[in-house]
Amino acid sequence: MAEELAKRGFGVLEPVQTERTVRGQVEELAAAIRERCEPPITVIGWSWGAWLASILAATHPELLSKLVMVGSGPFEAEGAKSIKATRLSRLSAAEQAEYAVLSPNLEDAGQLARAMELFDRMDAYAANGEPHPSALFDRSIHQSVWQEAKSMREAGELMKIIAKIRCPVIALHGDHDPHPAQGVEKPLRAALPSATFVLLERCGHKPWREVYARDIFYRELEAALGQGEDR
């Protein structure tokens, strides 16, 4: 997504998160923006990054002119109950068994590459087959940050934080995303009535990798960014 936006003329910063706490990652992101950008800017967050960007918007409002959330996780615990079952239901029995073996071994590049193929099966409506960018997976960072973030959701703290956001918010979400759209749209509208929610048809968790939704996703994303803004 970052590469495509750069091709379309937008200035793009794609930070890597290395801190092991939610607050640490928020401050790490804030520091990257101050160092590399001229705030306020539009911040796009995908999946967990949508939560991270939301917390950034609430705690460092001077840094953001706009927040775009893509494929966000549900903001309340109730909305997350079906995610794992939905994902596994999209795999065959053999693929489910393979995924169970792969999951503890994602630090291995080969295992991670195969797991990403299975995630396409679980998360996509119709993946376009483009190769995944190379990546390194650090389980200790993931487990530390995710457990803290999950606890924030369960305690209702995440919703309290989101309600403090004052910049414009746009959420783009696929109708085939295993993260249920209602688990994002309903709490978001309750906390931020002025927020915009766009449901993308025939679209999974990564809209930029979808055969049918990719073009409309980028049209909606460019509209959210604003013609001539943040380029």
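Reader: Quick one first. What counts as a helix or a strand here?
Author: Both are DSSP runs, numbered from the N terminus. A helix is a run of H or I with at least four residues, and a strand is a run of E with at least two.

Reader: And what kind of model is this?
Author: This is a predicted model, where local features need pLDDT of at least 70, side-chain atom pairs count only at pLDDT 80 or more, and totals for chains, interfaces and linings use all residues. Residues are numbered from 1 along each chain as its sequence is written, and side-chain values use heavy atoms, with hydrogens and water left out.

Reader: Ok, F10. Where is it?
Author: F10 sits in the loop between α1 (2-7) and α2 (22-36).

Reader: Is F10 buried or exposed?
Author: Buried, because its relative accessibility is 6%. The cut-offs are under 20% relative accessible area for buried, over 50% for exposed, and partly exposed in between (1.4 Å probe, protein chains only).

Reader: How far is F10 from E222?
Author: Their C-alpha atoms are 9.5 Å apart. Along the chain, F10 and E222 are 212 residues apart.

Reader: What about R36, buried or exposed?
Author: R36 is exposed, at 62% relative accessibility. R36 is part of helix α2. Its C-alpha is 7.7 Å from that of L13, which is 23 residues away along the chain.

Reader: Switching to strands. How do β1 and β2 pair?
Author: In the parallel sense, over six bridges. β1 covers residues 41-46 and β2 covers 64-70. Two strands pair if DSSP finds at least two bridges between them.

Reader: Which residues face each other there?
Author: I41 stands opposite L64 in β2. W46 has V70 in β2 as its bridge partner.

Reader: Which other strand pairs with β2?
Author: β3, residues 169-174. That pairing is parallel too, over four bridges. L67 stands opposite V169 in β3.

Reader: Why is β2 largely enclosed?
Author: Six of its seven residues are buried, so the rest of the structure largely encloses β2.

Reader: New topic. What is a disulfide?
Author: A covalent bond between the sulfur atoms of two cysteines. The test used is a pair of cysteine sulfur atoms within 2.5 Å.

Reader: How many turn up?
Author: Zero, in a search of the whole structure. C167, for one, is in no disulfide, and the nearest cysteine sulfur, that of C37, is 15 Å away. C167 is buried, at 15% relative accessible area.

Reader: Last thing. How many cavities are there of 30 Å³ or more?
Author: One. A cavity is a set of points on a 1 Å grid over the protein atoms alone, where a 1.4 Å probe fits but cannot get out. Points are joined across faces, edges and corners, and the volume is the space filled by probe spheres set on them.

Reader: How much space is in the largest cavity, then?
Author: About 60 Å³. Its lining includes F119, H205 and R209; lining residues have an atom within 4 Å of a point.

Methods: On a 1 Å grid over the protein atoms alone, a cavity is a set of points where a 1.4 Å probe fits but cannot get out, and a pocket is an open set with protein on both sides within 12 Å along at least five of seven lines; lining residues have an atom within 4 Å of a point.
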